[in-house]
Amino acid sequence: MLKRLTVINFRNHKLRELAFEPGNNFIYGENASGKTSVLEAICLSLLCWSFRTADAGETVNFGAEQATIESQLSAGGEEMAACGRFRTLISRTGEKLVCFINGEKKNKADLIGLRKLVFFTPDDLQAIKAGPQLRRRGLDIGISQIDREYFRALKNYRRIIRQRNVYLRNCRGMADRMVLDAWDRQMAMAASLINERRCEAVEVINGLCREIMGQIVGRDEISVVFEQERAGWEYFYRRWQNEREKDLVRGYTGWGPHRDNVKIRINGNDARAFASQGQQRSVAVVLKLAEAEFIGRKTGCMPLLLLDDIFSELDGNRRKSLLAYLADRNIQVIITGTDRESCPSSERVNAIMLD
Ligand SMILES: Nc1ncnc2c1ncn2[C@@H]1O[C@H](COP(=O)(O)OP(=O)(O)OP(=O)(O)O)[C@@H](O)[C@H]1O
Ligand SMILES: [Mg+2]
C-alpha cells in the first residue's frame, strides 16, 4: 500500500507531503489546488508514465529545472519487489525521467506490472462517448499490467503493422507478395494471442461489470461485448490474404486487432448514444472498478485505485453505494473532489485537504 507521497517542484506543488491510509482516502481542495497533479505524481512514480502528458518535462514546476517524486510503499499482500522507496526524478530537458527503487536505478520496462495501478480520470469518459480507440487502449493497459506475453505480442504486432503500412504506402501494387506473406504470418501469430487474451478479459470484465453495477445502481444493467470472435492464427492469416488486394489499393492494413471494438450497452442500448451524463460516468467508473477486480483476481493482489473527480454528476445514492462498495473491498483507493461534502460521510474515509 502507498503510505506516503512527497513531491517537490512538481506542477503547482513546491513541496507537498501526504500520508495515506489503507481503504478509502479522499483528497479535496478547490479548482487548481493540484488534486489531479497528486494522482499524476503517483502514476509517474509507480509506472514511470503519466496519464496526462507524453512529455514528462511539462510536469516540472515553471520555476524549477527538476521535479522529485517519492513514494513510500509498504507490504500488504503485494510482492516484495514492489515495496520500499520509489523515487522519480523528472528534468525539464534531456533524459526526462529517471526512476529508482530503494536506490537502484530502474528502467520503464522494469516497472511495468510491478505495482499495479488502475486510475479513472474524467478523460476516461471519452472511452464511453467516443470511438473504439480509447476502449481498446484501456483494455491494452489493463491486460499488459498482468500479462507480459500480451504486452510483448502487442508491441510486436504494432511494429509489424507500422512496417507493413510504410511498405504498402510506398509500393502499393508493386509490393513483393513474398515480403507481405512473411509479415502476415508473424502478424497472425501475434494477433491470435492478442485476440485470445482480449476475448478472455472482456468476458471476465463483462461479468464483473454486471455484478458491480448491480451493487451500485440496482436498476441499470450493463454489458460489455467484444466484437471480434475468438479465432486462431490461421483465421487471421487467411483474412489478411483475402484483404491483401484492398490493402494494396488503400496503402495500409485495413483490418486486424488494431481495429477491434468493445461495445458497451446500458439497459440494452449503446451507452455512447443513449446513456445520460450520470449513467455514462457511472459506467466509466464501473469499468475501472471491474478492471481493478480483474487484476486483483488474476494476481491475488488488488491494485491501487486512483479516482479523479468521480463524484461530480453522480447523485447522492450513487455516491453512497459507490463508497460503500469500495469500503467493502480490500483495496486502497484515492479519490479526489472539490468539496469535503461531496464525499458521503457514511463510510470511513481518510480526508486530506489541499490548500
Ligand atoms: N509545470 C507546471 N508548473 C506550475 N504549475 C502548473 C504546471 N502544470 C500545471 N500547473 C498548474 O497546476 C495547477 C493544478 O492543476 P490540477 O489539474 O492538479 O488541479 P486540480 O486540483 O485537479 O483542479 P480541478 O479541480 O479543476 O480539477 C493548475 O493551476 C495548473 O495550471
Ligand atoms: Mg483535477
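This is a predicted model: local features need pLDDT of at least 70, side-chain atom pairs count only at pLDDT 80 or more; totals for chains, interfaces and linings use all residues.
Me: In which element of the protein chain is confidence lowest, and in which is it highest?
Reply: Across the protein chain the mean pLDDT is 93, and 98% of the residues reach 70 or more. Helix α2, residues 108-111, has the lowest confidence, with a mean of 83. The highest, at 98, belongs to strand β2, residues 13-19.

Me: How far apart do the C-alpha centres of domain 1 and domain 2 lie?
Reply: Domain 1 comprises 2-116 + 304-353, while domain 2 covers 127-266. Seven residues from domain 1 and nine residues from domain 2 form the contact. On the side of domain 1 that touches domain 2 there are three nonpolar, two polar and two charged residues. The separation of the C-alpha centres is 30 Å.

Me: Are helices α4 and α6 roughly parallel or roughly perpendicular to each other?
Reply: The axes of α4 (residues 132-146) and α6 come within 11 Å and cross at roughly 95°. Leu139, Gly142 and Ile143 of α4 meet Arg197, Arg198 and Ala201 of α6, a contact of three nonpolar, one polar and two charged residues. Angles of 65 to 115 degrees count as roughly perpendicular. The two helices α4 and α6 are therefore roughly perpendicular.

Me: What is the orientation of α6 and α10 to each other?
Reply: Helix α6 (residues 177-216) and helix α10 (residues 316-328) have axes that come within 8 Å and cross at roughly 125°. Ile212, Gln215 and Ile216 of α6 make the contact with Arg318, Ser321, Leu322 and Tyr325 of α10; four of these residues are nonpolar, two polar and one charged. An angle over 145 degrees would count as roughly antiparallel, and 65 to 115 as roughly perpendicular. The orientation of α6 and α10 is therefore oblique.

Me: Which residues come nearest to ligand 1?
Reply: The shell around ligand 1 divides into three nonpolar, ten polar and four charged residues. Of the 17 residues around this ligand, those that come nearest are Asn12, Asn31, Ala32, Thr36 and Ser37.

Technical notes: Residues are numbered from 1 along each chain as its sequence is written. Chains are lettered from A and ligands numbered from 1 in the order in which they are written. pLDDT is the predictor's confidence in each residue, from 0 to 100. Helices (H or I, at least four residues) and strands (E, at least two) are DSSP runs, numbered from the N terminus. Axes are lines fitted to C-alpha atoms, for helices over the stretch in contact, and angles run from 0 to 180 degrees between N-to-C directions. Angles under 35 degrees count as roughly parallel, over 145 as roughly antiparallel, 65 to 115 as roughly perpendicular and the rest as oblique. Two residues are in contact if their C-beta atoms, placed from the backbone, lie within 7 Å. Ala, Val, Leu, Ile, Met, Phe, Trp, Tyr, Cys and Pro count as nonpolar, Asp, Glu, Lys and Arg as charged, and the others, Gly among them, as polar. A residue is near a molecule or strand if its C-beta atom, placed from the backbone, lies within 6 Å of it. Domain bounds come from an automatic or database domain assignment.
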